[in-house]
Amino acid sequence: MRKAQIQNELHFLRTLTLYRLWNMVKVYFSFHLSQRLKKPIQWGLPFSISIEPTTSCNLRCPECPSGLREFTRPTGMLDAALFRKVIDDVHLHVNYLTFYFQGEPYLHKEFLDMVEYAGSKKIYTATSTNGHFLTDDRAKRTVESGLNRLIISIDGTTQDTYKQYRIGGNLERVIKGAKNIIKWKNELKSSTPYVIFQFLVVKHNEHQIEDVKNLAREIGVDEVILKTAQIYDYQNGSPLIPENEEYSRYKKQADGTYTIKNLLANGCWKLWHSCVVTWDGRVLPCCFDKDGKYVMGNVSLSPFKKIWWNNRYHNFRKKIVRSRKEIDMCKNCSEGCKVNIRYDF
């Protein structure tokens with residue numbers, strides 16, 4: 001195990017207070033008891049949460065609601081005061097915060113200020129970016145903010161390949177941004193952020209998998225993640241589905257149609273340990289509810305704990321435990337599929 005990975009894990013372990021550990025134990029046992037009894041029991045509170053800084057994005061990726069500008073829910077920017085309210089409400093039990101749902105986080109002018117605020121509550125912070133806004137100044141500020149984990153999406157090692165999915169993107173700019181981060185980590189002698197190249201494997205780039213690993217080594221990136229792609233209309237195939245089925249969430253059937261590899265067993269760990277808060281305060285059960293169809297409540301109107309244990313959430317968990325296949329967003333869920341293949345250097 002490399003030094004960077006050990007340091008990253010230590011940063012995470014330092015967020016574990018006795019109260020947070022006890023909460024994790026309650027979440028774990030209540031989930032497994034729910035599975036056994038086939039009824040929802042929720043003793044704990046989420047220890048992982050995703051908060052959406054914005055729905056805005058500079059790119060137009062073909063399988064992304066933000067890129068396609070196809071949201072039916074409201075779009076906008078997270079109010080910093082609302083963010084602090086949420087953090088103040090959940091920090092005793094939450095120790096992992098993902099600053100991402102839809103959109104590009106770095107388009108929010110106060111994004112790194114919010115990272116610092118979460119860090120002041122001893123919460124491990126992570127985000128995912130398309131890498132176009134990691135200028136020298138923003139890279140320095142990112143390192144100084146204490147952000148623990150930075151995922152940079154890089155879906156090709158040549159511009160011709162990269163732009164086929166990252167429509168409107170500039171690979172050279174992304175690589176320069178990654179180099180800026182590594183430069184400031186070295187100059188400031190910082191062990192954070194832990195930098196990851198995320199490579200979304202699709203048909204037109206699967207031949208560049210070794211190339212992206214070599215590029216990561218050259219720059220000094222800590223890890224490469226090969227991520228399988230979610231395809232919305234996969235049944236009749238898609239030009240994005242890789243030839244190598246190892247990198248696909250879908251498998252081809254004898255009649256030429258495709259099916260998801262997930263068996264969609266009843267129950268879902270995400271519903272017990274995590275949730276999503278959108279830019280306008282809506283609490284969603286998981287990251288597959290991209291259009292906000294299943295709203296459990298709004299943190300701008302109610303305390304988080306009241307939402308987490310309300311009847312709407314209870315009834316939704318009941319559906320998950322008893323008949324998950326009836327819920328639309330679950331039909332294309334990656335839980336049960338191989339989603340990520342990791343390489344650390």
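This is a predicted model: local features need pLDDT of at least 70, side-chain atom pairs count only at pLDDT 80 or more; totals for chains, interfaces and linings use all residues.
Local features are taken only where pLDDT is at least 70 and side-chain atom pairs only at pLDDT 80 or more, while totals for chains, interfaces and linings use all residues. Residues are numbered from 1 along each chain as its sequence is written, and side-chain values use heavy atoms, with hydrogens and water left out.

Let's start with helix α9, residues 209-219. Helices here are DSSP runs of H or I with at least four residues, strands are runs of E with at least two, and both are numbered from the N terminus. The buried residues of α9 are I209, V212, K213, L215, A216 and I219, where buried means under 20% relative accessible area, exposed over 50% and partly exposed in between, with a 1.4 Å probe and protein chains only. Viewed down the axis of α9, these residues fall within an arc of 160°, so they line one face of the helix; the arc is that of the directions from the helix axis to the C-beta atoms. An α-helix has 3.6 residues a turn, so residues three or four places apart point the same way. The buried residues of α9 pack against α8 (171-187), β5 (194-201), β6 (223-228) and β12 (340-344), contact being heavy atoms within 4.5 Å. After α9 comes G220, with a positive phi near 105°.

One partner of this face is F197. Leaving aside neighbours within four places in sequence, F197 is in contact with residues including V212, L215, A216 and I219, and also with I152, I154 and A178. I175 sits in helix α8 and counts as buried because its relative accessibility is 17%.

On a 1 Å grid over the protein atoms alone, a cavity is a set of points where a 1.4 Å probe fits but cannot get out; a pocket is an open set with protein on both sides within 12 Å along at least five of seven lines; and lining residues have an atom within 4 Å of a point. Grid points are joined across faces, edges and corners, and a volume is the space filled by probe spheres set on the points. The whole structure holds two cavities of 30 Å³ or more. About 60 Å³ of space lies in the largest cavity, whose lining includes C268, F288, R324 and M329. The second largest pocket holds about 480 Å³ and is lined by 20 residues, with Q230, Y232, F288, K290 and M329 nearest its centre.

F288 also touches S334, a residue in the loop between α12 (311-323) and β12. S334 is buried, with a relative accessible area of 10%.
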